Amino acid sequence: MATWYDGPATLRVGDVAVPLEIAASYRARTRGLLGRDGVEGALLLTPAASVHTFRMRFPIDVAHLDRKLRVLAVVTMPPGRLGLPRLRSRHVLEAAAGAMAGWGLTAGTTVNVDVPGRLTPG
């Protein structure tokens, strides 16, 4: 089992490379995208099984990932909503609404996370 740390990384969806911010600490996961006007790339919350969009300023795409980084479900959430926890979800990926469709991210897709100076966690 890999150990995750807060910081920058790259999300790979097939041939698409997306800037990624990892939020692994309690503080970083709690803050998430709150107080931001947008997101460049994506945010990975780990561990996480659900999210909410209370006090958010923009709609987001949310992908629930299992422990092998396979996408279980992708939903778009407007501000002020509470997402239901997903069974088997170990990580949650957040991005601006519509971004994940542009990357080709759908249920069943497996993503890779490249952390500078380390191998992809698994």
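A salt bridge here is a side-chain nitrogen of Lys or Arg within 4 Å of a carboxyl oxygen of Asp or Glu. Keep that in mind for a walk through this model, which is predicted.

**Salt bridges**

By that rule, the count comes to 4 salt bridges. Let's start with E21 and R36, whose closest N and O atoms are 3.2 Å apart. E21 sits in strand β2 (residues 16-23) and R36 in the loop between α1 (26-31) and β3 (42-45), so this pair ties together parts that are 15 residues apart in sequence. How covered are the two partners? E21 is partly exposed at 28% relative accessibility, and R36 is partly exposed too, with a relative accessible area of 23%.

Next up are D37 and R57, whose side chains meet in a salt bridge at 2.8 Å, N to O. This one also links distant parts of the chain: D37 belongs to the loop between α1 and β3, R57 to the loop between β3 and β4, and 20 residues separate them. D37 counts as exposed, at 66% relative accessibility, and R57 counts as exposed as well, at 52%.

Then there is the pair D66 and R70, with side chains that come to 3.2 Å, N to O. D66 is buried, its relative accessible area being 8%, while R70 is partly exposed at 33%.

| Pair | N to O distance |
|---|---|
| E21 and R36 | 3.2 Å |
| D37 and R57 | 2.8 Å |
| D66 and R70 | 3.2 Å |

Now have a look at strand β4, which covers residues 60-65. Are its residues buried or exposed? It is mostly covered, with 6 of its 6 residues buried. I60, V62 and H64 point one way from the strand, and D61, A63 and L65 point the other way.

Which strands pair with β4? One is β5 (residues 71-77), which pairs with β4 in the antiparallel sense over 6 bridges. Within that pairing, H64 has A73 as its bridge partner in β5. The two strands form a hairpin with 5 residues between them, and L69 in the turn has a positive phi of about 65 degrees.

The other is β6 (residues 91-96), which runs antiparallel to β4 and is joined to it by 6 bridges.

**A serine in a loop**

Between β5 and β6 runs a loop, and S89 has its place there. S89 counts as buried because its relative accessibility is 5% and the cut-off for buried is under 20%. What does S89 touch, leaving aside its neighbours within four places in sequence? It is in contact with A48, A49, H64, L65 and L72.

In soluble globular proteins, nonpolar side chains tend to be buried together. In this model, the largest nonpolar core has 22 residues, and L11, L20, I22, L93 and V113 touch the most other members. Who supplies this core? β1 (7-13), β2, β3, β4, β6 and α2 (99-103) each give at least two residues. A second, separate core holds 15 residues, including A23, A28, L43 and M56.

Conventions
Residues are numbered from 1 along each chain as its sequence is written. This is a predicted model: local features need pLDDT of at least 70, side-chain atom pairs count only at pLDDT 80 or more; totals for chains, interfaces and linings use all residues. Side-chain values use heavy atoms; hydrogens and water are left out. Buried means under 20% relative accessible area, exposed over 50%, partly exposed in between (1.4 Å probe, protein chains only). Helices (H or I, at least four residues) and strands (E, at least two) are DSSP runs, numbered from the N terminus. Two strands pair if DSSP finds at least two bridges between them. Contact means heavy atoms within 4.5 Å. A nonpolar core is a set of buried Ala, Val, Leu, Ile, Met, Phe, Trp, Tyr and Cys residues joined through side-chain atoms within 4.5 Å.
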